[in-house]
Amino acid sequence: MCKAATINVSRIGTPTLDVAEMKAKIRSSKLHVLTFATHEQGYFKTLQESCSRLNIELTVLGMGKKWEGFITKLVKVKEYIKSCNDNDIVLFVDGFDTFFVQPANVIVERYIVNYDNLFVCTSESTYSTSFFLLRIIENMHLIFHNSIFKNNDSTEWDSTRIREKYKDFTYFYKNLNLLNSGGWISNVFLAKKILQYIPSFIENDQIFLTNLYLDCNYLMKVQEDSLTHGEKNAFHNCVPQGNAKYYNRIILDNHNIIFHLFRSKENVALMSYQDCVQFFPFRPLLSLYYLNKQDEEEGEKKKKNSQASQKEGKKKKIDQASQRGGKNKQNGQASQTEGKNKKNSVLSSIVEFFKRKKSEGREITKKGTDTHQRTEPHPLDRGNTLKGTPLGMHHTNANPATWTKQKTILDEVYMDDGQRKIGQIEKTFNYSIIDTHTQTSPCVLHMHCLRNVDKMIRTMGLKNIYSAKWYSNIWYLFYSLKGTLNFNYFSLLFSTVIASVALLLIQVKYLLEFIKYMDSSFGMNCIGEDRYVNKTIFLLNDVGYSLFISFIFAILFWAFYIFNKAM
């Protein structure tokens with residue numbers, strides 16, 4: 001049974017924070033930035049340009065070598081970090097679909113502050129819409145995803161064991177819970193432990209990391225069943241039992257503070273550096289950084305006690321005044337005068353009370369008006385978003401989290417001689433990037449499946465855009481997926497294609513019959529010579545039953561697959 005990963009916050013302490021120690025660790029940590037590419041393709045030159053502009057030393061592994069599958073990336077990284085210091089930090093990104101938007105020092109700060117001694121991978125979303133029909137499509141995507149990468153069907157992405165890994169964090173986005181191996185960061189010691197045993201029959205890095213993330217005992221289970229894979233020497237000199245505690249330290253960058261997986265233009269917004277810092281400041285992810293509510297409660301108690309003491313003092317003064325009034329009542333004329341004065345004082349106090357309330361209301365209204373006039377519009381509503389990005393997307397997509405408004409013990413911790421707060425972004429390109437879902441500013445942009453972001457790159461001020469030869473997409477879809485696709489995936493894909501084509505042809509048949517009926521009934525003559533329509537309808541009628549049966553069988557296969565997974 002995997003134990004929950006613990007966060008290394010010994011430097012924090014509950015009441016105090018050793019800022020000097022944290023800064024010293026950040027400044028002394030060396031970041032190794034690695035990528036893997038056998039040739040130049042896609043956004044490889046953009047990656048190189050972004051690293052050059054940000055003074056990041058990029059090490060390219062595998063250039064000029066033959067492509068042997070995705071697992072080669074981890075094998076080459078494993079060889080590289082053998083000579084690295086265990087206290088260094090290693091960051092790996094894919095070579096064809098990533099580029100940097102923040103320098104190395106910001107990445108190191110965010111890793112040490114939030115993820116110290118953890119192996120952090122890019123998070124991938126499971127769904128991106130609230131519409132029921134589109135949610136079905138996105139759930140189908142999840143099934144396709146699991147059929148490729150997930151070997152352990154008994155472990156779910158949101159199981160208790162997985163959620164336990166994030167118990168020290170302020171918030172967890174449930175729809176950013178898939179692992180993507182296109183970008184990850186770790187200290188070198190932990191990376192050595194996690195990459196120590198890589199079975200020879202695993203040909204995909206995402207399959208390897210995904211199953212270790214879901215089950216830290218994955219390699220032990222595979223070792224027991226290694227004979228079924230026909231690989232007797234797959235675990236030669238392998239003792240994965242001792243590394244289970246390290247495998248359980250694999251987590252996701254759930255808030256996208258380091259990696260952002262780009263899937264559509266609605267996922268990000270470009271805005272000025274000043275707006276990013278003002279409206280989307282960096283917030284630490286660990287709960288221990290946030291001030292304890294006990295301090296606030298003690299402050300409220302002190303305030304209530306002071307108010308109570310003030311009321312008690314007023315009451316004493318009133319009692320003393322009433323005692324003096326009782327002595328004056330001994331004189332009849334004086335008592336009548338005193339009674340009149342009391343009535344006048346009561347009336348005057350009531351009048352003064354309402355005057356005071358009225359004046360306070362005017363001041364509040366005036367302040368509210370002034371504040372409304374001084375309030376700046378939100379940067380996402382001022383035309384800084386990309387074309388196609390709905391205004392105010394950050395309000396509807398981001399889950400409300402009250403912790404972002406709470407004070408932390410890092411609020412006044414500055415780097416760079418007091419010019420920039422710890423973890424805050426630097427001004428790099430023409431515009432900074434904001435994740436519209438998590439409302440954070442990431443450091444690395446990962447274009448999922450080589451999505452085109454040329455317009456964004458030009459707007460930011462980078463020159464190198466997507467480059468590919470005519471056969472690049474074919475290479476990416478087929479040869480680069482060696483060891484990824486399996487029987488389950490092709491079965492699901494085949495049944496989906498059959499169901500879609502069958503349903504489309506059935507709809508075409510009824511549509512042609514409806515058009516023919518309208519044309520003959522109302523004399524529209526929009527078809528003209530209808531022999532081709534008749535032939536098409538005849539053909540569709542001939543295969544109609546076959547299409548219907550194929551559609552039913554495809555749906556039954558999906559139902560059987562899902563039911564079998566749920567068992």
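Predicted model: local features only at pLDDT ≥ 70, side-chain atom pairs only at ≥ 80, totals over all residues.
User: How many degrees does the twist average from one strand to the next?

Analyst: The open sheet has 6 strands with mixed pairing, in the order S2-S1-S3-S6-S5-S7. S2 (58-61) and S7 (250-252) are the edge strands, each with a single partner, so one side of each has no neighbour in the sheet. Going from one strand to the next, the twist averages 30°.

User: What angle does the direction of H3 make with that of S1?

Analyst: H3 (residues 71-80) packs on the sheet and touches S1, S2, S3 (89-94) and S6 (178-187), a touch or contact meaning heavy atoms within 4.5 Å. Axes here are lines fitted to C-alpha atoms, for helices over the stretch in contact, and angles run from 0 to 180 degrees between N-to-C directions. On that basis, H3 against S1 comes to about 145°.

User: How many residues of S1 are buried?

Analyst: Buried means under 20% relative accessible area, exposed over 50%, and partly exposed in between (1.4 Å probe, protein chains only). On one side of S1, Leu31, Val33 and Thr35 are buried, and on the other so are His32, Leu34 and Phe36. In a regular strand, side chains alternate between the two faces of the sheet. The tally for S1 is 6 of 6.

User: How are H1 and H4 oriented to each other, and why?

Analyst: H1 (residues 19-28) and H4 (residues 104-115) pack at about 135°, with axes 9 Å apart, and H1's Met22, Lys25 and Ile26 meet Val108, Glu109, Ile112 and Val113 in H4. Under 35 degrees counts as roughly parallel, over 145 as roughly antiparallel, 65 to 115 as roughly perpendicular, and the rest as oblique. H1 and H4 are therefore oblique.

User: What separates the C-alpha atoms of Asn114 and Leu286?

Analyst: Asn114 lies in H4 and is buried, at a relative accessible area of 0%. Setting aside residues up to four places away in sequence, Asn114 touches Phe169, Ile257, Phe282, Pro284, Leu285 and Leu286. Asn114 and Leu286 are 172 residues apart along the chain, yet their C-alpha separation is 6.3 Å.

User: Zooming out, what share of the protein chain's residues is buried?

Analyst: The chain has 19 helices and 13 strands, taken as DSSP runs numbered from the N terminus (helices H or I, at least four residues; strands E, at least two). Of the contacts between residues at least 6 apart in sequence, 83% join residues at least 24 apart. Out of 567 residues, the buried share is 44%.

Note on methods: Residues numbered from 1 in each chain as written. Heavy atoms only, no water. Pairing = 2+ DSSP bridges.
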